[in-house]
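Here is a friendly set of notes to read alongside the model. Please keep the structure open while you go through the points.

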Amino acid sequence: MIFEEVLKNAESSEITREEALYLFKETGRYDKALKLFELASRVRDDETGNVFKLDGFIGLITHCTVDPPCRYCGHSSTINSSGFGPENVLTIDEIVEGARLIEEAGISMTELGGGTIVGDGGEKVIEAVKAVKRATNLDIWVNVGPALSEDTLKELKNLGGVDVTSSFEVNPLNEELFRKVKPGDDLDARKKLANMINDTGLRLNSVLMSGLGESYDDRVDHMFYLKQFENFKYFLCTWFHPGPGTPMANHPPASPLEAAKTAAIARLIFRDIDIHISGYEHIPLWIMAGVNRVVHAGASVHRVRDGSRWPTTSAEVKHINDMLDFVNLLPTTVRFITGAGMEVEPKIADKYE
């Protein structure tokens, strides 16, 4: 293969599995990575437009009972709780208050996020979604792991304006790596959930985390596994950060450049879906790489953990009560986005531009 020819063909056509793997291997240097980014951002503009989306986040709506916890998750830390215990689950009243504040900030869609309650059918999820729908006009995406029954998914479909996540983090075809980093999780349940979401007609969201010990082959296999789902509409590229006290505390952190390459190559595969990378500080790099959407960079509502609150230097923080914060990053992130030449949704622009 010739690098320039692969990029030329990708201007108008989805790349193949072999081309995706080739691009991962060829873009180790910044000069070729920049060429990849230039094309990915152009495809993004052509296929999804020039508006960068910012989601809200409300959580936790469920706690996590996966045992043992995932080895990279703060919930597995022996020295620092990540807040995935039942004491940090929000009440319905708190969820509604958070949703109202997020909508007032100009945001149109929010994540309702939580942990996996093994064996649960999703009753709390339905209750939370209905409450937010009654109180606001927000669209919602649900992210609570493989703890939703088929009946729950059908009810979410009937409510309208709801997307559902089945996250794998690692390549779902690499069972050995999945068991290594997610020893208490259930790969088959996550595959089943992805199929049920798709078959129910809901929009499917999913997550790939760079830096967990996967190969480029794993990342490519992961993306083409997701490509089978006709309702796959939102690809979240996260990247590994070692957590103190976790089993993977000494595992090297992922490079932001690797995360950006993953998103850029995903853009050439999926073309017109929403693509996200976590981390508001790096938004200009994400824009260069063809990303068009970020969560945890808009506004969020969550419990205060370990007695600490968000530093106010980068966000507007409202203390809803002694143990609950509304954190608004829009004054910072809107400036990052518009400074890089993209637009934000009109209601957000009206408030922060």
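This is a predicted model: local features need pLDDT of at least 70, side-chain atom pairs count only at pLDDT 80 or more; totals for chains, interfaces and linings use all residues.

1. Residues are numbered from 1 along each chain as its sequence is written, and side-chain values use heavy atoms, with hydrogens and water left out.

2. K32 is partly exposed because its relative accessibility is 26%, and E26 is partly exposed at 27%. (Buried means under 20% relative accessible area, exposed over 50%, and partly exposed in between, using a 1.4 Å probe and protein chains only.)

3. Next, look at K53 and D274, a salt bridge with its closest N and O atoms 3.0 Å apart. K53 lies in strand β1 (residues 51-59) and D274 in strand β7 (residues 274-277), so the pair ties together parts that are 221 residues apart in sequence. (Helices, H or I with at least four residues, and strands, E with at least two, are DSSP runs numbered from the N terminus.) D274 is buried, at 6% relative accessible area, whereas K53 is partly exposed at 30%. Both residues also belong to a network of salt bridges that links K53, D55, D274 and R293.

4. What links helix α10 to helix α9? E258 forms a salt bridge with R219, and their closest N and O atoms are 2.9 Å apart. E258 sits in helix α10 (residues 256-270) and R219 in helix α9 (residues 216-226), 39 residues apart. Both E258 and R219 are buried.

5. Now for the backbone. Most peptide bonds are trans, and most residues other than glycine have a negative phi. The bond from G59 to L60 is cis, with omega near 5°, and D67 and P68 are also joined by a cis peptide bond, with omega about 0°. L60 is in the loop between β1 and α4 (92-104), and P68 is in the loop between β1 and α4 too.

6. Finally, which residues have a positive phi without being glycine? Among them is E169, with phi near 65°, in the loop between β4 (162-165) and α7 (175-181). E169 is buried, with a relative accessible area of 11%. H296 has a phi of about 60° and is found in strand β8 (residues 293-303); H296 counts as partly exposed at 43% relative accessibility.

Methods
A salt bridge is a side-chain nitrogen of Lys or Arg within 4 Å of a carboxyl oxygen of Asp or Glu.
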